[in-house]
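Work through the exercises below with the structure open. Try each task before reading its solution.

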Amino acid sequence: MSAPDMIENRTFDEIAVGDTASVVRTFAERDIQLFALMSGDVNPAHLDPAYAATDMFHRVIAHGLWGGGLISAVLGTQLPGPGAIYLSQSLKFVHPVGLGDTITATVTVVEKLAEHHRVRFDCRCTNQNGQDVITGQAEVVAPTEKVRRPRVVLPDVQLSDHDAYRQLMALTTGHHPVPTAIAHPCSAAAITAAVEAAEAGLIAPILVGPEAKIRSAAEAAGKDIAAYRIVAAPHSHAAAAQAVALVRSGEAQLLMKGSLHTDELMGAVVPSATGLRTERRISHAYVMDVPGHPTLLIITDAAINIEPTLEDKADIIRNAIDLAHVIGIEQPRVAILSAVETVTPTIRSTLDAAALCKMADRGQITGGLLDGPLAFDNAISEAAAKEKGIVSPVAGRAEILVVPNLEAGNMLAKQLTFLGGADAAGVVLGARVPIILTSRADSLRTRLASCAVAVLMARAATKAAPGLTAGA
């Protein structure tokens, strides 16, 4: 085991005029994001390339105090180091710092003052061309006792910039809002979700339910619904039926859950005579942008089918492949998950996986590459797949994850969301129109992403959607 990296200070008595120390850093986009997150400084000159191109430097530049932080790092870790107390710092910003610039921050002792062991430093940051970018002076109280400590290991910080979310929203721009029947929006959360989606230009809400309750919910949410059509229905059951009827008549092209239970809404959707059934099994899919993962993941089914049969899983896969095509994945890689990656007669999900792959071989499932059974690790990690000796175009690079049952899918999706910081857009597929299921726990970004996915599905028949990439 190697010895730990140590930090050692220089006491007042050890410091001499002319002593110098420095650190070198190359400025990257991650530095901008971390500094903005820490400070709250979201000036578009630092974070918005389109705006920065029109600003005086015509490019994204560093926050000025990012360079100041490098000076602080030298004073706090090298000269004088641990035990030093910052008294004052002057800074003059003489040249901008851009992405890719390598900055050397140097401090040089210019004066020692015996009173209170104060030391004055010349401070200077220069770029890779030798140009000064920051100059100034600092005054610190130097330590009088020797300190030597192991360097603290910093935590690994993962940044999620929600780039896939921005791309998803961009794909929906430039179109008319899609008429959407919202069943029983009688809570502040349900009204808020509908109005936010409308304000984003995604949907044209048709509010279906008891009018007095809808207006009361809007008042509680502080939302103006004067511009939206209200279709009266006496209670949630009737609201679900009426919302479905609006879709069947062509007045609405999307269906959205309000403040009623999912099973109540789906109860109006599934009847063959009056609902929205097609020849496909109805299923649910999450489109997930997971920080640190290079591609979007579609997880299915985590909300509708409790214990899907082999035939159900075939339709679940077909629905997910259609969704993948709409968001620009031309030939999605489909991993059929189980606890193990070998066919095991005592584990039904492995038998289903093998049968589904053979169905794909025979042209019964088309539009994607299928493989399974695969355990979760070797479905998404090429290293894990290689370790197990799995040779497959899907293993380690899956874009669709087909879970064995609802419990597994629900837990997987929620773990990625609440422990992994993933964005999750959910939509119900296989009906005549996409169905938007939102939850009170969903963030604004999640609600809008769910609506955006449904809007893209609704428009897919007339215009293929451009591609998406993940940006976690």
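**Exercise 1. How many salt bridges does the count come to by the rule that a side-chain nitrogen of Lys or Arg lies within 4 Å of a carboxyl oxygen of Asp or Glu?**

Solution. The model is predicted: local features need pLDDT of at least 70, side-chain atom pairs count only at pLDDT 80 or more, and totals for chains, interfaces and linings use all residues. Residues are numbered from 1 along each chain as its sequence is written, and side-chain values use heavy atoms, with hydrogens and water left out. The rule gives 22 salt bridges.

**Exercise 2. Describe the salt bridge between Glu-139 and Arg-118.**

Solution. Start with the distance. The closest N and O atoms of Glu-139 and Arg-118 are 2.9 Å apart. Helices (H or I, at least four residues) and strands (E, at least two) are DSSP runs, numbered from the N terminus. Glu-139 sits in strand 6 (residues 132-141) and Arg-118 in strand 5 (residues 118-126), so their pairing ties together parts 21 residues apart in sequence. Then check burial. Buried means under 20% relative accessible area, exposed over 50%, and partly exposed in between (1.4 Å probe, protein chains only). Glu-139 and Arg-118 are both buried.

**Exercise 3. Which parts of the chain does the pair Arg-281 and Asp-312 link?**

Solution. The two side chains form a salt bridge at 3.7 Å, N to O. Arg-281 belongs to the loop between helix 9 (262-269) and strand 12 (283-289), while Asp-312 belongs to helix 10 (residues 310-326); these distant parts of the chain are 31 residues apart. Arg-281 is partly exposed, because its relative accessibility is 35%. Asp-312, at 13%, counts as buried.

**Exercise 4. Check the span of helix 10, then its burial.**

Solution. The expected span is 1.5 Å times one less than the number of residues. For the 17 residues of helix 10 this should be 24 Å; the end C-alpha atoms are 25 Å apart, which agrees. Now burial. Of those 17 residues, 12 are buried, so helix 10 is largely enclosed by the rest of the structure. Among the buried residues are Ile-316, Ile-317, Ile-321 and Leu-323. Just after helix 10, Gly-328 has a positive phi of about 95 degrees.
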